[in-house]
Amino acid sequence: SKGTISMANFICPVCSQPLNIKEKSYICKNRHTFDISSKGYVNLLPANKKHSASPGDDKLMVVARNNFLSLGYYSHLKETLENLCNKYSAQETSVLDCGCGEGYYTQGVYEKLVQQGKKAEIKGIDISKDAVAIAAKRLKEGQFAVASSFHLPVESNSVNVLVNCFSPLCLKEFSRVLKRNGVFLYVVPAPKHLWQLKEALYENPYENPLKEEQYEGFELIDTVKAEKEIFIDNNEDINNLFKMTPYVYRSPKAAQEVLLKAESLTVNAHFIVYVYRKK
């Protein structure tokens, strides 16, 4: 079909051989078999690599984040990622969203590339099964797997653009899967991101640390800000925003209770995207 190219394969998490789709399974030449779930994703996280029964973000957090993002509050970040992926993509391009969550940004990036007339193939991996299930449903043209960023089930030197949005940084793996001159987009919260939320929760809120890192084997070629002040005018969305942050687990209960009753909130949605090119 127009707009797709032959997929660079996922690889077997057991023996690293390419996986081919046969009916409803991924199978490698050593006969390791991984079923494609009814929701359209494959689980490539070996049991011995799991640190818990259901690793990654739990269903509560995943649903809250999906509801919040779907309303477009962070659309300015999505557009920034779409434009950067397009800028650094050739006519035929392979994209990996590492820590794709519910696929909100994955979908945006893919649709932008196709809209620009590019032949794009896109994969998303996340350690959370609940998140990947939503992503696979959201973007039927993508390939999605439950997998760890530290053991990417992706062929070496096969990816043009890697997106890493609030996910663990695994430079060794990023370097392995990226083609030469491939880029990775590293999204971090800017110093004053969600500042007003922190002010409501903490007596002495602190800014997010800001440091432009140099990473071995990579060159920092661009730094792009995506900043907007968003106005949230209903309690449900405020609750969803709160549930998708780490503050759920580590802010004072009394302050949480006040915040969770709030009917409106103006808050910074400030992000920085660092663009690194593989040397």
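View 1. At 34% relative accessibility, G217 counts as partly exposed, a class that lies between buried (under 20% relative accessible area) and exposed (over 50%), as computed with a 1.4 Å probe on protein chains only. G217 is found in the loop between α6 (195-201) and β10, where helices (H or I, at least four residues) and strands (E, at least two) are DSSP runs numbered from the N terminus. Although G217 and K279 are 62 residues apart in sequence, their C-alpha atoms are 5.5 Å apart in space. This is a predicted model, in which local features need pLDDT of at least 70 and side-chain atom pairs count only at pLDDT 80 or more, while totals for chains, interfaces and linings use all residues. Residues are numbered from 1 along each chain as its sequence is written, and side-chain values use heavy atoms, with hydrogens and water left out.

View 2. The structure holds 6 salt bridges, each defined as a side-chain nitrogen of Lys or Arg within 4 Å of a carboxyl oxygen of Asp or Glu. One of them pairs K78 with E82, whose closest N and O atoms are 3.2 Å apart. Because K78 and E82 are 4 residues apart in helix α2 (residues 75-87), about one helical turn separates them. E82 counts as buried, since its relative accessibility is 12%. In a further salt bridge the side chains of K87 and D222 meet at 3.5 Å, N to O. This pair links distant parts of the chain, with K87 in helix α2 and D222 in strand β10 (residues 218-232), 135 residues apart. K87 has a relative accessible area of 55% and is therefore exposed.

View 3. E173 counts as buried at 12% relative accessibility, whereas R176, at 24%, counts as partly exposed.

**View 4. E121 and K123.** E121 is found in strand β6 (residues 119-126), and with a relative accessibility of 2% it counts as buried. Its side chain is joined to that of K123 by a polar contact of 3.4 Å, a term that denotes a pair of N or O atoms within 3.5 Å; within protein, one must be able to donate a hydrogen and the other to accept it, and residues adjacent in sequence count only if both atoms are side-chain atoms.

View 5. Most residues other than glycine have a negative phi. R31 sits in the loop between β2 (25-27) and β3 (33-35), and its relative accessible area of 71% makes it exposed. N181, also not a glycine, has a positive phi of about 70 degrees. N181 lies in strand β9 (residues 178-189) and is partly exposed, with a relative accessible area of 46%.
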